[in-house]
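I opened this notebook to record what I looked up in the structure. The entries follow in the order in which I made them.

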Amino acid sequence: MAPDLAETWAGTVVPSWVYRWLMPLAWVAATTVSLVTVDDVPCAEDPSICAPDVAFALTLVPAFASLLLWWWQPRVAAVAGVVFFAAQVWYDGGAVMTEWVLFASACVALLVWFAASRRKQLALTADLPRRPVTVPAAKPVGLSGRLVVAVLLLAAGAAGLGVMRWQDQREQVHLQRAVEQTAVAGESQDGELVLKLPDGNRRVVSVLDDYEPGAQIPVLIDPADDEWARLRVEPADYTHWYAVAGGAWLLAALLAYRDMRRRRARRRESWTGAGLPVRVTPDASTDFVICSAGGTDVLAFLSADLDDEAADDRLFDAIDQLDDDEPDAPASVRQQWLQTVQRYQGEAVLVGELAEGSWPTVLLGDLALRPTAPLRAPRRTPWSVEATASLPASVNVDPTNVHLEFRLVDPARETPPLPWSVPTERPSWWYWPALIGAVLAGLVAVAWFVSVGDWVPAIGAAAGAVTVIGFVGDALFDRVSVSANEVRFRRGWSELVVDWRSVDSVEIHPHWVALRSGRESHQITRLQRPVDVAGVLEALRLRARTGLPAPSVRRRLNPQALVDVLFLAVCVGVALLVRLA
C-alpha cells in the first residue's frame, strides 16, 4: 500500500474521540438538562409518578447502554441511544425533549458515519494486489471466559427477577394486613422521613418527595409488623430489578456475540483466501501493529494470539520483559527476548477485510495470528493520534550483536543554551477559554445545587469540573525543561525531577522520546522533531556521566495542583456563603 493510499485509508476512520469522549459528554449534558428542566410534581398530586413502572425500568437499559458502551461497543451504544429516544417519546405520550432529539440525531449521524467509513475502507483496499494463501486449521477454542461470564450474567439476571418476585410477594402479604392511618410528618433527612402515628408511636420510612414538618400524610400500617409502613402515595417499587436483569442480559448477549465472532474467525478446517501484503510488529500493549507493506504507516491494531499456547506465552512474556526489565537484564537474556520478539515481526499477509470491526487472520511465515478482538484503527484526539506503544529500539537491531550498554540515538554535536525548555506542540487557543469556562460553570453549578439543598449533585458538579480542569490544565502546564544536571517533567499535580546520572538511555520512538531510568520510562510527547530532541538529550546524558551515585527521583508540586486546590477551596466558600445566606 502506497503512503498516500495509507494516509487516505486512515482519513476514512471515524475519530475515536467523537464516540469515546464527545458522545458520553453529550449524554451527561442531555441528562443534566432533563433533570434541571423537568417539572417537579409531588407524588400527592400525581400518584402515578411514584408508582411502580415496568416500562420506565426497561427504558433504563438502553438509557445507560447509550452511556456505558461507547468505549467498548460504540455502534451498539449509538443504537441504544436511538432506542432510548424512541422509548422516551412513547413513554411521555409523544412529548419530545429537545436535548434527547439532539443526542439521538448525533447517534444516527454516527451510525451513518460508521457505515460510510467501513464502505470507503473496503473500497480503497478492493483493488490492491493480493495473493492466494492457505490458512491452516485452527485449534478448538473450548469454553472461553466470555461464555462463562455470559452464563453468569444470564443467571444473575434471572436471580434478580427472582428476588423481585420474592419482594413483591412479601409486600402483598403486608398490604393484605395493612390498615390506613393518618400520620404527622416529622423531620426528614437523606430521604428518610419520621412519622408520628395516631397512637403516639413513630416510624421511619424512605420517601421520594419532600414533606413539610407537621403535614398530615395517609400511611399504611401492618399491625402484625412494627417495622413495616408505607405512604399511600409512595408504594414500594421493586421494578428496578427489570433494569438490572435487562442490563445483565444485554451484556451477556454482547459477550456471546463477541465469542461467536471469534469462533467464526478460527475455522476448524484449512481454507484458501486472498492475502493482502502488510507488515506486522508486536506492540508493547500486547496487540500487533498492522502497517503498510514495506512502509511504516500504522494502519491498525489487532489483538491476536497463536495456535501454540506455549509460544503465545513466550512471546508476550518477552514483550513484557523488554518493556519493563530490559535495562537490568544481562545481555544474554536480553538477546533471547529479542530473538523471540523478532520472530513475530516482518512482512506478512492479512487474510480478510482491512477495515475497522473486521476479524482478519494474519499469516507470518508459517505462523498464523488468530484475532481475539476486531481490528481497530489508532485512537485519535483532536490534537494527537495514538502512537504504537513501541518496544525499545533495540528490538529492531541484529540480535546477535547485543551489548550490555548501547546508545539508541546519536548525541548532538551542539546543544542549546541551558536551561533549555524542550520544544513541544503548544495547546490550541481554546484551551484557556475552556479552563476559564470550566471554572465558572463548576462554581455556578455548585452554587445552584447548594441553593436547592442538593449536596450530592453539588459534589458531583465540583468533581466533574475538577476533571475537566485537570484535563485542560495538563496540556496548558505541561513542560519539560533540562539543565546540565537534571530533567524536570511538569505533569499533573507534580513536577518530576530526574538527575541525568540516573538516566540509563534515551530512546526515540515514532512520535515521542523516552528517557529510561531503571524500570521507569519518562516520555516526552507532542514533539515536532523527535530526532533532534533525542540527540540533545543524549549529549547531555553522556556529559553528566561522572560515575558518582545517582540521587533518587524527586517530586515537587506543579501549578496544576494549585489551580485544583484553589478551585475546590472557592467551591467550599461559595457553598458556605449560599448555605448561610
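In which sense do strand S16 (residues 420-421) and S17 pair? I found that they pair in the antiparallel sense, over two bridges; strands are DSSP runs (E, at least two residues), numbered from the N terminus, and two strands pair if DSSP finds at least two bridges between them.

I noted the basis of the entries: this is a predicted model, in which local features need pLDDT of at least 70, side-chain atom pairs count only at pLDDT 80 or more, and totals for chains, interfaces and linings use all residues. Residues are numbered from 1 along each chain as its sequence is written, and side-chain values use heavy atoms, with hydrogens and water left out.

Serine 481 in S17 is the bridge partner of serine 421. S17 is also joined to strand S18 (residues 486-491) by four bridges, and the two run antiparallel. A hairpin of three residues links S17 to S18, and arginine 479 stands opposite arginine 490 in S18.

I next checked the side chains along S17 (residues 479-482), which alternate.

Last, I looked up aspartate 209, which lies in the loop between strand S4 (202-206) and strand S5 (216-221). Setting aside residues up to four places away in sequence, aspartate 209 touches Pro42, Cys43, Ala44 and Glu234, contact meaning heavy atoms within 4.5 Å.

How values were computed:
Buried < 20%, exposed > 50% of the residue type's maximum accessible area, 1.4 Å probe, protein only.
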